[in-house]
Amino acid sequence: MNRPKHTEFTFPTHIDDYPTGPQYKAGYLPETNAGWRTFRPVVDHDACVYCLRCYLLCPDGTIIKDSGQIKIDMDYCKGCGVCAHECPKDAIEMVKEQL
Amino acid sequence: MTNLVDIPKVNAKNMTEKEFFYGHKACAGCGGSVAVRLALKVLGERTYTALPAGCMSAVGFIYPQMAFNTNAIITTFPGAASMASGIAAGAKALGQKDVKTVVFAGDGGTADIGFQALSGMIDRNDDVLYICYDNEAYMNTGIQKSGLTPYGTKTTTTPAGKNIPGTVTHKKNLFEIIAAHDIAYAATASIGYPQDFLNKVNKAKHTKGATFIHVYASCPTGWGTPTETSIEIAKDAVDCGLIFLAEFEDGEYKLNRNPKEFASVKDYLKKQGRFKHMTDEDIQCVIENRDRKWARMRKQWL
Amino acid sequence: MKTNKIFISGDEAVAQGVRLSRPHVIAAYPITPQTITVERLSEMVEAGEMDGEYMHVESEHSAISATMGASAVGARTFTASSSQGLLYMAEGLHYCSGGRWPVVMMNANRSVALPWSIYGDQRDSLSLLDCGWIQVYVEDAQEALDMIIQAYKIAEHKDVLTPMMVNLDGFILTHTYELVEIPEQKMVDEFLPPFQTPNKMSFEEPKNLGFSSKPDDNTEFKYQQNEAMFKAVDVIREVDQEFAEKFGRKYHDMVEEYRCEDADVVLVALGSVCGTVRVVVDKMRAAGKKVGLLKIRYMRPFPEAEVKDLAQRVQAIGVIDKDISFGYEGTVYTNVNSAISKIDKYVFKSNFVGGLGGRDITKAEIEDMFNHLLDGIEKKSEEKVEFFSLNVETND
């Protein structure tokens with residue numbers, strides 16, 4: 001799995017359900033970060049030249065290479081806007097999230 | 001010594017698709033997380049990651065959310081380097097091959113509280129890559145001054161007022177202090193020059209023994225900068241000469257970037273809330289210190 | 001059984017025990033009176049008698065951090081310290097037990113500054129009783145060696161996974177030479193299986209270790225740690241029994257009673273002073289006085305059941321503390337008294353504080369303690385701690 005995915009978590013009901021000491025599966029994500037976002041990146045695929053600068057610089061690693069196009073994992077994008085700001089072709093626009 | 005020419009270059013096109021630092025709770029636009037994410041993509045799957053108390057550990061492991069998609073451990077605050085040394089020694093004693101141990105520690109965790117252990121790690125030449133992500137203050141605890149906080153910075157423990165203009169000391173010469181150990185490989189980098197950073201991590205990965213990278217990593221929360229400018233501001237810092245890109249290898253210093261002219265220090269400072277209060281006189285002090293340092297580097301390193 | 005006895009110091013006996021336990025990683029920083037142990041271990045590594053990695057760490061804090069790191073990839077580890085060094089490790093001691101890494105440590109019991117003193121008392125380890133480590137106190141060099149081997153088996157047990165500190169009195173044990181039986185490597189290998197733990201990072205099963213917990217979960221992790229410490233009591237018994245069957249030496253689990261069967265009064269003590277108390281007990285017994293010794297071996301987990309059981313049978317209990325919790329009383333006494341308070345019977349109790357900073361505890365002083373207890377049977381318990389070996393008059 002290239003990216004861990006959001007996974008449901010069953011909270012322990014017995015003491016033995018806890019791991020022995022503070023140790024747990026690497027890359028285990030019971031929560032998403034989508035709720036942090038106030039602006040959402042929207043990609044103009046016609047303008048995008050697939051230079052991958054956004055992929056390289058995303059602090060959260062949410063830009064996905066998808067057969068010649070970029071895709072964004074909206075479960076974990078925090079809407080920081082680095083991708084849009086760094087895009088040499090202005091192919092990403094930050095759009096306000098609607099409730 | 002390692003010849004970079006022999007190492008296949010890692011870049012955005014060919015790097016692994018796998019994300020090793022994902023779903024973390026770092027602030028939006030966090031520069032430290034760019035450094036951690038990119039370094040882990042270069043280092044790959046067979047890596048043990050050790051992080052002392054600090055932003056990257058605080059945002060990465062909050063049970064049951066485990067954001068390191070690889071082996072990782074939080075260490076004591078002063079003991080990141082020594083715990084990493086122990087990991088490397090344990091892995092060696094157990095006969096594990098092709099393993100790298102990496103530390104990601106902040107500026108305070110490196111230059112202040114973790115320094116003794118780091119010095120010991122380099123002295124023993126343990127097989128550990130130590131990466132200091134420098135956001136120039138104790139950010140995790142709420143922006144307090146560290147040994148790498150630059151002159152003039154307003155932090156919560158160096159408030160700028162009528163009597164004291166924020167931080168009154170310059171950054172420690174961390175890179176040179178590390179190099180003075182005669183370490184096999186050390187470098188400075190900035191997330192504003194990501195390919196340079198990738199190359200340096202790759203070089204350290206292929207160097208046996210203790211290695212060190214000091215990477216400049218922006219912090220929108222602590223610096224008072226918009227989240228989207230995190231990469232830009234880290235590039236500006238290099239372009240105005242306050243941060244330099246260099247390597248130390250085979251006992252020799254190398255200045256990777258030696259611009260004829262620097263971009264404006266004032267423009268760089270005035271983009272950030274932490275420097276807003278600085279007077280022209282304060283800025284002049286910063287520039288003079290920069291020029292002294294560059295004169296010395298150019299004289300001795302070129 | 002074939003014997004192989006050599007004349008070595010307590011520190012050297014520890015080094016022999018460590019060698020036989022085959023740790024993968026040793027990380028230690030020198031401090032008197034622990035130094036002989038780390039010097040001998042370094043020589044053993046140099047001579048190829050040990051395969052482990054010896055790490056020359058730059059501090060005790062790094063010693064404990066390095067051993068935790070090695071344990072976190074599944075390596076068996078050893079460290080050793082004393083006094084100021086142990087205190088410098090304090091953060092790591094809590095970290096290690098919370099992380100459930102079964103590091104084994106030798107602590108050469110030494111006084112704590114200020115004033116500086118390199119000599120023995122037990123204020124170093126007793127002040128760290130709450131750091132979540134199993135603490136055992138040994139009486140002689142043979143027990144030191146044997147307990148290092150036992151320590152790995154106890155600490156690494158799947159129900160325990162808790163670090164363990166083997167304490168031996170500075171100089172009195174660390175630097176005194178005794179005839180010590182060195183077990184055969186083959187027998188130790190049969191006794192001590194390779195270290196296995198679920199609590200490690202591996203490439204087969206990558207994990208995140210040492211995480212943060214929210215208030216929702218923190219108490220549960222601490223409950224679990226406490227539960228493991230209680231489970232250690234059974235494991236200590238099993239391991240001691242198995243050790244006795246294999247090596248012919250038994251250490252009586254949590255405590256050792258010496259001539260307590262029909263005793264009226266008993267002195268409780270830890271470590272090397274027990275040897276002196278035994279001599280006094282024999283002398284007073286010969287004179288018809290019904291006195292005995294309770295040697296507490298484990299301070300954590302605490303032998304509550306054993307202390308209560310003894311208290312049911314005797315009239316008076318005195319506790320020798322080579323430590324003092326300033327403003328109250330000796331730490332051993334506080335613990336013993338807490339156990340006694342849980343039985344429905346009056347026992348006369350006294351707390352004798354002394355032996356600080358390396359001062360000898362003499363046979364005459366111990367005899368005085370016994371006589372004090374014998375006289376006290378009909379009295380109410382004393383409220384004040386007695387510093388039994390002051391050389392000067394006080395204001396009291």
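**Cavities and a sheet**

Visitor: How much space lies in the second largest cavity?

Guide: About 70 Å³. A cavity is a set of points on a 1 Å grid, over the protein atoms alone, where a 1.4 Å probe fits but cannot get out. Points join across faces, edges and corners, and the volume is the space filled by probe spheres set on them. This is a predicted model, where local features need pLDDT of at least 70 and side-chain atom pairs pLDDT 80 or more, while totals for chains, interfaces and linings use all residues. Residues are numbered from 1 along each chain as written, chains are lettered from A and ligands numbered from 1 in written order, and side-chain values use heavy atoms, without hydrogens or water.

Visitor: Which residues lie nearest its centre?

Guide: Look at A:Cys48, A:Tyr50, A:Cys51, A:Cys54 and A:Cys87. They belong to a lining of 13 residues, each with an atom within 4 Å of a point. By class, 11 are nonpolar, none is polar and 2 are charged. Cys and Tyr both count as nonpolar.

Visitor: How many cavities does the whole structure have?

Guide: The search finds 2 of 30 Å³ or more. The largest cavity has about 100 Å³ of space. Its lining has 15 residues, and A:Cys58, A:Thr62, A:Cys77, A:Cys80 and A:Cys83 lie nearest the centre. That lining divides into 10 nonpolar, 3 polar and 2 charged residues.

Visitor: Now chain C. In what order do the strands of the open sheet lie?

Guide: Strands pair through backbone hydrogen bonds, either parallel or antiparallel. Here 7 strands run in the order β3-β2-β4-β5-β7-β6-β13 of chain C, with mixed pairing. The edge strands are β3 (53–56) and β13 (298–300) of chain C, and each pairs on one side only. Strands are DSSP runs of E, at least two residues, numbered from the N terminus. Pairing takes at least two DSSP bridges.

Visitor: Which residue stands opposite C:Ile26?

Guide: C:Tyr54, in β3(C). The strands β2(C) and β3(C) are parallel, with 4 bridges. Then find β5 (residues 104–109) and β7 (residues 164–169) of chain C: they also run parallel, joined by 6 bridges. In that pair, C:Asn109 has C:Asp169 as its bridge partner.

Visitor: Are the two faces of β2(C) covered or open?

Guide: In a regular strand, side chains alternate between the two faces of the sheet. Both faces of β2(C) are covered. C:Val25 and C:Ala27 are buried on one side, C:Ile26 and C:Ala28 on the other. Buried means under 20% relative accessible area (1.4 Å probe, protein chains only).

Terms used:
On a 1 Å grid over the protein atoms alone, a cavity is a set of points where a 1.4 Å probe fits but cannot get out, and a pocket is an open set with protein on both sides within 12 Å along at least five of seven lines; lining residues have an atom within 4 Å of a point. Buried means under 20% relative accessible area, exposed over 50%, partly exposed in between (1.4 Å probe, protein chains only).
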